[in-house]
Amino acid sequence: MRIRVVTWLVTGMFLLLIFGLLNLEVIHGRAYRDLGNKNCIRLVSQDGSRGRIIDCRGSVIADSKLSYDFMILPQDQSQQEKIISSASRILHKSVKDLKNAFKNNYISSSMPVTLARNISIKEAIALDELKVDLPAIIVQLNPVRHYPHAKLACHVLGYVSEIDRWRLTKLEDYGYKTKDIVGFGGIEERYDYYLRQEEGGTSFEVDHRGKFIRTLGFRPPLNGKDIQLTLDIKIQKIAENYLSGRKGSVVIMDPYTGEIFAMASAPGFSPSVFAEKNNSAISSLFNNSNSPLMNRSISGAYAPGSVFKLVVAAAALENKKINLNTSFLCQGATLVGRRKFKCWSTHGQQNLLEAITHSCDVFFYKTGLLVGAQVLHDYALKFGFSRTTSFELPYEVPGFIPSPLWRKINKFKNWFDGDTANLSIGQGEVLTTPLQITRLTAVFANGGYLVRPYIVKTIDGRDVSAYQRKPEKLNLKKANVEHIREGLEKVVNDPTGTASVLSGLAVSVAGKTGTAQAPPGHSHGWFTGFFPLKNPKYVICVFLERGGSGYVSCVVTKQIIQEMINQGLI
Amino acid sequence: MKNSFFIILIIAFLICLLGVLSIYSSTYQKEGGLWQTVFHRQILWIIFGLLLFSIVSNISYRRFWDWTYFLYITALFFLLLVFLLGAVRLGAQRWLKAGWFNFQPSELAKLAMAIFLARYFSRKSSDDIDLSCSKFGIFSAVILPFFFTALPLSLIIDQPDLGSGVLLLLLFISMLYLTRVRLKYIIILLAGIILPLPFMWHFLRDYQKDRLLVFLNPNVDPLGAGYTVIQSKIAIGSGGLFGKGWLAGTQSQLHFLPESHTDFIFATFCEEWGFIGGAGLLFLYFLLIRQGFLIAQRTQDSFGKLLAFGITLMLSIQVAVNVAMNLGLAPVVGIPLPLMSYGGSSLFITFIALGILANIDKTRAVF
């Protein structure tokens with residue numbers, strides 16, 4: 001009896017041991033294998049270079065230059081002293097500095113520690129030679145973003161920096177890791193997936209003291225894919241030149257396809273400060289009240305002022321509320337309800353063409369009231385306002401067009417005729433982005449098509465413009481578009497037109513000015529137009545935030561077009 | 001029966017062979033001439049061991065009845081000698097240096113104790129056919145043999161070698177259970193041992209306390225006392241179903257696993273041979289132990305029967321404690337895996353014990 005108990009006990013014990021073995025090796029085997037590999041496999045990664053960003057002619061706007069980093073494997077204490085003392089001689093840094101760098105950059109015993117960044121090639125070679133005796137040394141090639149044209153097109157490009165927590169949680173599943181360099185804003189962010197290099201590296205085996213045993217493998221890093229933009233850096237440069245020192249934005253676009261030739265925003269920033277991790281410069285950028293990091297062309301929404309009159313005119317003509325012969329008397333002001341609405345001047349009897357030419361407010365107050373606020377709102381939406389243009393760059397804002405219905409639902413307030421009058425001249429709650437205004441102008445330049453702006457031409461050599469959405473026909477009567485276009489022409493060519501300053505150029509221009517009151521402070525200045533008049537090649541929108549008036553914008557436009565003529569770009 | 005001799009011989013030889021392979025794998029990369037000879041020496045000792053096995057299996061086990069007291073006193077003598085002349089290795093005084101051979105007397109004490117207890121409990125009084133132990137009172141049944149066990153036990157624990165001490169105690173209890181001593185006495189003894197255990201805590205050495213704490217949670221001190229257990233579990237776990245292959249285990253070859261050729265050879269083996277290999281090895285041990293139990297059961301002579309049980313239990317306890325400790329299921333104690341671990345003393349004693357076992361089966365027909 002007792003014998004049987006003992007036999008069973010021993011058998012049971014063996015079964016227990018086998019089960020324990022099964023549990024460890026088979027059920028949790030994978031986890032332990034990972035732990036085992038962690039014990040003895042070290043990885044020194046090497047990054048490929050991020051894809052280049054080039055303009056439509058192939059000039060490089062952003063590429064990568066190589067820098068060398070000096071790292072060591074931290075396990076072997078005895079080597080550390082020797083390495084630090086000999087490295088301090090080569091790098092001309094004090095031993096104390098290097099030791100501090102070691103302390104600050106130490107992550108874990110299994111990760112190489114960076115002691116110095118951006119060392120010169122000579123220093124890198126000298127350190128590499130020490131490797132024979134001190135195998136814990138690692139000299140790592142590190143591509144860093146480089147901008148040959150400095151600040152050029154900074155808002156279009158965005159910048160690169162270490163991944164933040166928010167992006168990391170979002171992108172973890174796509175292979176992003178902590179300390180990865182990713183794009184922020186602009187093309188760098190939007191097309192990070194393509195621009196991103198693939199990490200390669202060397203893996204090697206170490207023993208329990210972290211001593212190098214043998215190399216296990218090397219995977220060459222893969223470079224990111226190049227992206228070609230529709231941007232023309234010559235035009236971009238001109239635009240940025242004449243915008244510099246002001247606040248605002250310039251957009252130049254192909255009126256038929258929506259290709260962006262230039263997209264400038266001022267003030268700008270130098271993206272290289274992010275690549276070089278110049279912390280004081282970065283924090284001053286973030287704290288600047290002029291928000292230099294904002295791309296005003298798509299992320300800034302402003303009252304369009306008189307430019308919005310084009311929408312009113314189109315709505316009125318399409319709804320047959322007015323025709324070319326309809327005229328209103330401008331006496332410098334008009335009464336809407338009990339309130340007096342002023343015009344910026346006294347124009348006398350005005351028909352539509354004259355009203356556009358002189359940007360007569362009274363004419364459009366009355367026209368707007370004839371059309372009605374809801375119809376105005378609907379037409380504005382038809383022209384692409386109050387929603388994003390689906391442009392490729394991130395952080396585009398939709399802007400806003402108010403309507404009676406919206407006011408009722410969201411504000412519990414009534415809509416008055418005064419509001420309609422305000423809306424008719426692009427004041428009040430209306431907000432538009434310079435890109436939306438550019439697109440609005442393009443409709444009259446190309447004969448009634450709403451284009452979708454885009455900026456990426458090819459990715460990795462493959463043409464992606466074919467995938468862009470085709471321009472959308474707006475169902476406007478051809479005659480009506482022609483009438484408004486005629487008005488735009490007169491704005492410049494008529495001596496009394498608001499943009500007559502542009503008439504002296506070698507190329508004929510058509511356009512519309514806008515001065516949007518934005519109390520407290522100076523008004524916003526707008527000019528949007530297209531040139532050459534016949535078969536227009538370019539649509540331009542110059543917006544100056546608190547620039548004073550539309551006239552100032554006209555002057556900037558003139559300078560830009562003049563320079564483009566000088567360089568033979570038209 | 002000649003049969004069991006060969007069964008034991010083949011199984012033991014197979015286990016030794018696997019042991020040599022693992023010892024070679026875990027030491028061949030280590031620098032220093034000493035390491036290179038480790039597996040040569042193990043082979044030498046296996047040859048000696050096999051010789052001892054065949055010699056002992058031809059000596060009638062009844063001889064050991066006569067030699068009991070001599071063996072017991074010799075074991076005690078060596079244990080005392082360790083105190084005076086013992087070589088200190090790994091913080092413990094467990095070895096006696098005799099020329100090029102490091103002798104570990106606690107190994108001898110285990111076998112001597114098994115023989116001593118087998119004789120003690122199979123005594124017969126002159127006027128009775130029955131074993132006298134069934135009539136023992138509590139003093140002669142429990143207290144007296146416990147005293148005789150406690151003598152070498154305390155010397156071993158003082159070395160300090162808690163593992164061998166606990167093993168001796170387990171051997172005593174299990175052999176006692178297999179005699180005809182009344183169950184009541186055994187329970188009283190167990191109570192007497194277990195109840196004061198919590199107070200024994202204060203008598204433990206610091207490293208022993210650490211090991212016990214670490215056994216409960218190895219992550220208390222992952223680079224200190226818990227290191228071995230963690231590395232051993234990683235070694236075994238990373239083997240997976242089929243293992244990494246011979247000479248391809250990173251844990252043992254790159255020195256992450258300490259004592260990879262002695263106490264933790266099971267982990268080394270499992271890393272390279274996987275679950276299949278580990279389970280196979282355990283099965284070999286199981287066959288060996290089963291053979292021992294079969295021999296004990298078919299032996300009529302009470303001394304032979306008890307001795308066979310004692311030897312088999314000694315083996316099974318060592319295997320179980322060692323494997324459990326490798327798997328992280330028992331605290332780390334210095335018990336080698338019989339026949340596998342590097343070490344002459346353990347190998348010789350195990351082969352002698354197996355020889356006795358084979359002889360018991362061979363000569364039992366005589367009675």
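Biologist: At what angle do α1(A) and helix α6 of chain B pack?

Modeller: In this predicted model, the contact brings Arg2(A), Ile3(A) and Val6(A) of α1(A) against Ser174(B), Tyr177(B) and Leu178(B) of α6(B). By class, the residues in this contact are four nonpolar, one polar and one charged. The axes of α1(A) and α6(B), the latter spanning residues 162–178, lie 8 Å apart, and the angle between them is about 140 degrees.

Biologist: Which residues of α13(B) make the contact with α1(A), and what is the handedness of the crossing?

Modeller: From α1(A) the contact takes Val10(A), Met13(A) and Leu17(A), and from α13(B) it takes Ser316(B), Ala320(B), Val323(B) and Ala324(B). Sorted by class, the contact of α1(A) with α13(B) holds six nonpolar residues, one polar residue and no charged residues. As for the handedness, α1(A) passes α13(B) in a crossing that is left-handed.

Biologist: Which element gives the largest share of the side of chain A that touches chain B?

Modeller: Across the whole interface, 27 residues of chain A are in contact with 32 residues of chain B. On the side belonging to chain A, the elements that give two or more residues are α1 (2–27) and α2 (29–40), and the residues of that side divide into 15 nonpolar, seven polar and five charged. The largest share, 15 residues, comes from α1(A).

Biologist: Turning to a sheet within chain A, why is one side of β1 and of β9 left without a neighbour in the sheet?

Modeller: The sheet is open and has three strands, in the order β1-β8-β9, with antiparallel pairing. Because β1 (41–46) and β9 (212–219) stand at its edges, one side of each lacks a neighbour, and the reason is that each has a single partner strand.

Biologist: Which residue in β9(A) stands opposite Glu205(A)?

Modeller: Strand β8 of chain A, residues 200–206, runs antiparallel to β9(A) and is joined to it by six bridges. Within this sheet, neighbouring strands are turned against each other by 20 degrees on average, direction ignored. The residue in β9(A) that stands opposite Glu205(A) is Arg214(A).

Key:
Residues are numbered from 1 along each chain as its sequence is written. Chains are lettered from A and ligands numbered from 1 in the order in which they are written. This is a predicted model: local features need pLDDT of at least 70, side-chain atom pairs count only at pLDDT 80 or more; totals for chains, interfaces and linings use all residues. Two residues are in contact if their C-beta atoms, placed from the backbone, lie within 7 Å. Helices (H or I, at least four residues) and strands (E, at least two) are DSSP runs, numbered from the N terminus. Ala, Val, Leu, Ile, Met, Phe, Trp, Tyr, Cys and Pro count as nonpolar, Asp, Glu, Lys and Arg as charged, and the others, Gly among them, as polar. Axes are lines fitted to C-alpha atoms, for helices over the stretch in contact, and angles run from 0 to 180 degrees between N-to-C directions. Two strands pair if DSSP finds at least two bridges between them. A crossing is left-handed if the near helix is turned anticlockwise from the far one by less than a right angle, and right-handed if clockwise.
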